[in-house]
Amino acid sequence: MADVSLKDIYKSFYKNEVIHGISCDIHDGEFIVILGPSGCGKSTVLRMIAGLEVITQGEIAIDGKIVNKLEPADRDIAMVFQNYALYPHMNVFKNMAYGLKIRKMPKAEIEKRVQNAAKILELSDFLDRKPRELSGGQRQRVAMGRCIVREPKVFLFDEPLSNLDTKLRVQMRLELRNLHEELGITSIFVTHDQVEAMTLGDRLIVMNDGYTEQIGTPLEVYERPDTRFVAGFIGSPAMNFFSVRLSADGDRVELSRTDSLPLPNVSLSEFAGKEIILGIRPEHFEIAKEGSGSMQIKVDHVENLGADTLVHGHVGEDNTFLTLRLPDIHHFKKGTVLPLLIPPEKLHLFDKKSGNRIED
Ligand SMILES: Nc1ncnc2c1ncn2[C@@H]1O[C@H](COP(=O)(O)OP(=O)(O)OP(=O)(O)O)[C@@H](O)[C@H]1O
Ligand SMILES: [Mg+2]
């Protein structure tokens, strides 16, 4: 077990800088998820921690010791990849034991560790089987077992669940979380799947284009996104955004010539009269009584998901596209106009230029 510290990490491939200064103190026993779109640099960060990529600038420390120059094998970490390759000719026991064997660990100790890992992963009955005789989820657990038996200080996971079908992913997610609670080993998990991130992580590092956008608990990131990027990336369906003007007093957002919303207990004098970005999550709208409400949606189409309903439509003079998520089942005809209520405490405001959250 160990803490991991990333201090102002940069990475260039040839002259092309892809990681532009990332810092994070990961605590001992913490489950950290690095989340971001494809190509934003998640795997590169993980591979630098593992020692598989040289760090261009900055410092990585594991358990208080700077590891910049240490070989991967000397960092006491174990990594599970998306395309984990098991040895096809070896049975499950041998697959898990192999790494220990080449480290010349005594046989009795290997036996003990493999049996223990198999028990935790519920693989005890499969130790004699070859990988081809296992399901995808079982194979994934063997790959995890290979890491567990090493009893590393840190686990690194690079999208290990992305080859599994939806049902198995959900199951493996729960198993992974249980495993983490049982072993308490510091874990860094890379994914571009926000649901995976929200359910697995103690904290998330949300990345975009080689930068950190926000570091926080899943709820912090959902309830108080620091940037428009994070606001749009976390949550499904994605947050709705509008270009609006703040009133001359800076205490209301003007949705149209006639409609405006009060801001809760604040006056944003700095942005008074200026255009800003307003964000509202689909799940935070309510249908208002007829003749009331602060905006009107004209329904385009409705998707009934069983537990709730997505309503897609347009609002305002410039016909901004909008999605609502309403509890229960609703059948609105195309063209229906619905008055909407927006709780003022559910508004998110962002600077139009920088995309940063405007303090409230
Ligand atoms: N060996 C390399 N040489 C040159 N450029 C690279 C190399 N590895 C990665 N890159 C570039 O660095 C950037 C980050 O890549 P990285 O693999 O870390 O992204 P990622 O967030 O893991 O994406 P994905 O979700 O698709 O796996 C990309 O623009 C990629 O093209
Ligand atoms: Mg990757």
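Student: Which residues make the nonpolar surface patch of about 270 Å²?

Tutor: Y87, Y98 and I102 make that patch. One thing to keep in mind throughout is that this is a predicted model.

Student: Noted. Where is Y87 found?

Tutor: Y87 sits in the loop that joins β6 (77-80) to α2 (92-102).

Student: And how exposed is Y87?

Tutor: Y87 has a relative accessible area of 31%, so it counts as partly exposed. Patch membership asks for over 30% relative accessible area, so Y87 qualifies on that score with its 31%.

Student: Let me zoom out. How many helices and strands does the chain have?

Tutor: There are 8 helices and 20 strands in the chain. Its C-alpha atoms fill a box of roughly 80 × 45 × 35 Å along the principal axes. Of the 360 residues, 48% are buried.

Student: OK, on to the ligand. Which residues surround ligand 1?

Tutor: The shell consists of F13, V18, P37, S38, G39, C40, G41, K42, S43, T44 and E159. Sorted by class, that gives 4 nonpolar, 5 polar and 2 charged residues.

Student: Which helix gives the largest share of that shell?

Tutor: Helix α1, residues 42-50, with 3 residues.

Student: What polar atoms lie close by oxygen atoms of ligand 1?

Tutor: Take the backbone first: a polar backbone atom of G39 is 2.7 Å from an oxygen atom of ligand 1. For side chains, an N or O atom of K42 is 2.8 Å from a ligand oxygen, and one in the side chain of T44 is 2.5 Å from a ligand oxygen. As for cover, ligand 1 taken alone exposes 640 Å², and the protein buries 59% of that.

Student: Back to α1, then. Why is it described as largely enclosed by the rest of the structure?

Tutor: Because 7 of its 9 residues are buried. Those are K42, T44, V45, L46, M48, I49 and A50. K42 and T44, then, are buried helix residues that also belong to the ligand shell.

Student: What follows α1?

Tutor: G51 does, and its phi is positive, near 90 degrees.

Student: Switching to charges. How many salt bridges are there?

Tutor: The count comes to 16 salt bridges. One of them joins the side chains of E53 and K11, at 3.8 Å from N to O. E53 is in the loop between α1 and β4 (57-62) while K11 is in strand β1 (residues 4-13), so this pair ties together parts that are 42 residues apart in sequence.

Student: Are E53 and K11 buried or exposed?

Tutor: Both E53 and K11 are buried.

Student: What does R169 pair with?

Tutor: R169 forms a salt bridge with D193, and their closest N and O atoms are 3.2 Å apart. That one links distant parts of the chain, with R169 in helix α5 (residues 166-183) and D193 in the loop between β8 (186-191) and α6 (194-200), 24 residues apart. R169 has a relative accessible area of 18%, so it is buried.

Student: And which residue forms a salt bridge with E275?

Tutor: That's K352, with the closest N and O atoms 2.5 Å apart. E275 belongs to strand β14 (residues 275-280) and K352 to the segment after β20 (348-350), and the pair is 77 residues apart. Here E275 is partly exposed at 37% relative accessible area, and K352 is partly exposed as well, at 41%.

Student: Which residues are linked in a network of salt bridges?

Tutor: E109, K112, R113 and E151 are linked that way.

Student: Last topic: H20. Where is its place, and is it buried or exposed?

Tutor: H20 lies in strand β2 (residues 16-26). Its relative accessible area is 17%, which is under the 20% cut-off, so H20 is buried.

Student: What does the side chain of H20 make a polar contact with?

Tutor: With the side chain of E17, at 2.7 Å.

Terms used: Residues numbered from 1 in each chain as written. Chains lettered and ligands numbered in written order. Predicted model: local features only at pLDDT ≥ 70, side-chain atom pairs only at ≥ 80, totals over all residues. Heavy atoms only, no water. Patch = residues over 30% accessible without salt bridge, like charges linked within 9 Å, V, L, I, M, F, W, Y side chains within 5 Å. Areas by Shrake-Rupley, 256 points an atom, 1.4 Å probe, with all protein chains shown as cover. Salt bridge = Lys/Arg side-chain N within 4 Å of Asp/Glu carboxyl O. Helix = DSSP H or I, 4+ residues; strand = E, 2+ residues; numbered from the N terminus. Buried < 20%, exposed > 50% of the residue type's maximum accessible area, 1.4 Å probe, protein only. Near = heavy atom within 4 Å. Polar contact = N/O pair within 3.5 Å; in protein donor to acceptor, adjacent residues only side chain to side chain. Nonpolar A, V, L, I, M, F, W, Y, C, P; charged D, E, K, R; others polar.
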